[in-house]
Amino acid sequence: MADPPLPVTRQPPRAALVSVRPGAIILARHGEPALSRKCLLTSDQYRDWWAKYEIGGLRAGQTPPPELLATAEGAGAIYASTRPRAQETAAAISAGREVMSDALFIEAPLPPPHFPSWFKLPPKYWGAVARFWWHAFNHHDGQETRRQAEGRAEKAAQALIARAESGQDVLVLAHGYFNHMVGRRLRADGWALVHNQGFKYWSQRRYQKP
């Protein structure tokens with residue numbers, strides 16, 4: 001007489017792996033600084049002006065735009081450059097939430113070339129001249145070089161990507177040109193610029209993984 005067939009033991013179905021879509025990375029520029037740009041400066045005077053700009057805060061009486069406030073409210077993490085203008089911007093939009101301060105996000109330096117003392121420009125134009133000399137000719141005056149800043153931007157981009165991979169949006173409150181450098185690294189890593197307000201004060205640029 002044949003033995004009865006053994007009961008078939010069914011394995012419970014394996015839990016489906018849930019793929020978490022990365023959150024967005026939003027690079028925002030600080031509010032308008034208090035230091036006036038309505039002046040004419042020599043290259044040496046601009047060097048002093050920039051040093052004051054780096055330690056200065058925001059012009060009083062500004063109201064953050066509602067869209068940036070909404071972005072901050074929806075962000076899972078908020079980072080800010082350690083410069084006062086970025087710190088004050090973070091305080092204005094974070095509604096008391098934790099803000100992680102990191103010197104990784106400070107602006108790339110703007111040392112002007114040495115021009116004759118009779119040559120004067122407003123700070124806005126000195127900034128463009130200094131950035132061109134720094135970018136095209138690696139004029140750094142002993143400060144951070146272009147290559148060093150590019151390495152810092154890559155490190156910043158990877159840190160933000162790692163945080164966004166949890167599925168939460170990440171907001172950075174920092175500076176115009178360095179945000180541009182970080183954004184370029186994000187695009188190189190496959191992130192798309194999906195919302196672009198340019199580089200004006202309080203503006204934001206939103207990157208998402210397609």
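Predicted model: local features only at pLDDT ≥ 70, side-chain atom pairs only at ≥ 80, totals over all residues.
# Notebook: strands, helices and a few loops

**Lysine 120.** I started with lysine 120, which sits in the loop between strand 3 and helix 4. My helices (H or I, at least four residues) and strands (E, at least two) are DSSP runs, numbered from the N terminus. Residues are numbered from 1 along each chain as its sequence is written, and side-chain values use heavy atoms, with hydrogens and water left out.

The scale I use is buried for under 20% relative accessible area, exposed for over 50% and partly exposed in between (1.4 Å probe, protein chains only). Next I looked up what lysine 120 touches, taking contact as heavy atoms within 4.5 Å. Leaving aside neighbours within four places in sequence, I found Leu40, Leu41, Thr42 and Trp126. I also checked cysteine 39: it is 81 residues from lysine 120 in sequence, but the two lie 9.4 Å apart in space, C-alpha to C-alpha.

**Helix 4.** From there I moved on to helix 4, residues 123-137. It has 15 residues and spans 20 Å from first C-alpha to last, close to the 21 Å expected at 1.5 Å a residue. The expected span is 1.5 Å times one less than the number of residues. Which residues of helix 4 are buried? I get Pro123, Trp126, Gly127, Val129, Ala130, Arg131 and Trp134. These buried residues pack against helix 1 (43-55), helix 5 and helix 6.

**Positive phi.** Just after helix 4, asparagine 138 has a positive phi of about 55 degrees. Aspartate 141, in the loop between helix 4 and helix 5, also has a positive phi of about 55 degrees although it is not a glycine. Aspartate 141 is partly exposed, with a relative accessible area of 39%. I noted alanine 95 as well, with a positive phi near 55 degrees in a residue other than glycine. Alanine 95 lies in the loop between helix 3 (84-93) and strand 3, and counts as exposed at 74% relative accessibility.

**Helix 5 on helix 6.** How do helix 5 (residues 146-164) and helix 6 (residues 176-188) pack? They meet at an angle of about 65 degrees, with their axes 8 Å apart. For this, axes are lines fitted to C-alpha atoms over the stretch in contact, and angles run from 0 to 180 degrees between N-to-C directions. On the helix 5 side, the contact residues include Ala149, Ala153, Ala156, Ala157 and Leu160; helix 6 brings Phe178, Met181 and Val182 among others. By class, I have 10 nonpolar, no polar and five charged residues in this contact. Classes as used here: Ala, Val, Leu, Ile, Met, Phe, Trp, Tyr, Cys and Pro are nonpolar, Asp, Glu, Lys and Arg are charged, and the others, Gly among them, are polar.

Last, the strands: six of them form an open sheet in the order 3-2-4-1-6-5, and the pairing is mixed. Strand 3 (100-101) and strand 5 stand at the edges with a single partner strand each, so one side of each has no neighbour in the sheet. I count two strands as paired if DSSP finds at least two bridges between them.

Strand 4 (residues 170-174) got a closer look. Five of its five residues are buried, so strand 4 is largely enclosed by the rest of the structure. Val170, Val172 and Ala174 are on one side, Leu171 and Leu173 on the other. Strand 4 pairs in the parallel sense with strand 1 over five bridges, and leucine 27 has valine 172 as its bridge partner there. Strand 2 (residues 77-80) also pairs with strand 4 in the parallel sense, over four bridges, and alanine 80 stands opposite leucine 173.

Strand 6 (residues 204-208) pairs with strand 1 (residues 25-29) in the antiparallel sense over four bridges; alanine 28 is opposite glutamine 204. Strand 5 (residues 192-196) is antiparallel to strand 6, over four bridges, and glutamine 208 is the bridge partner of alanine 192.
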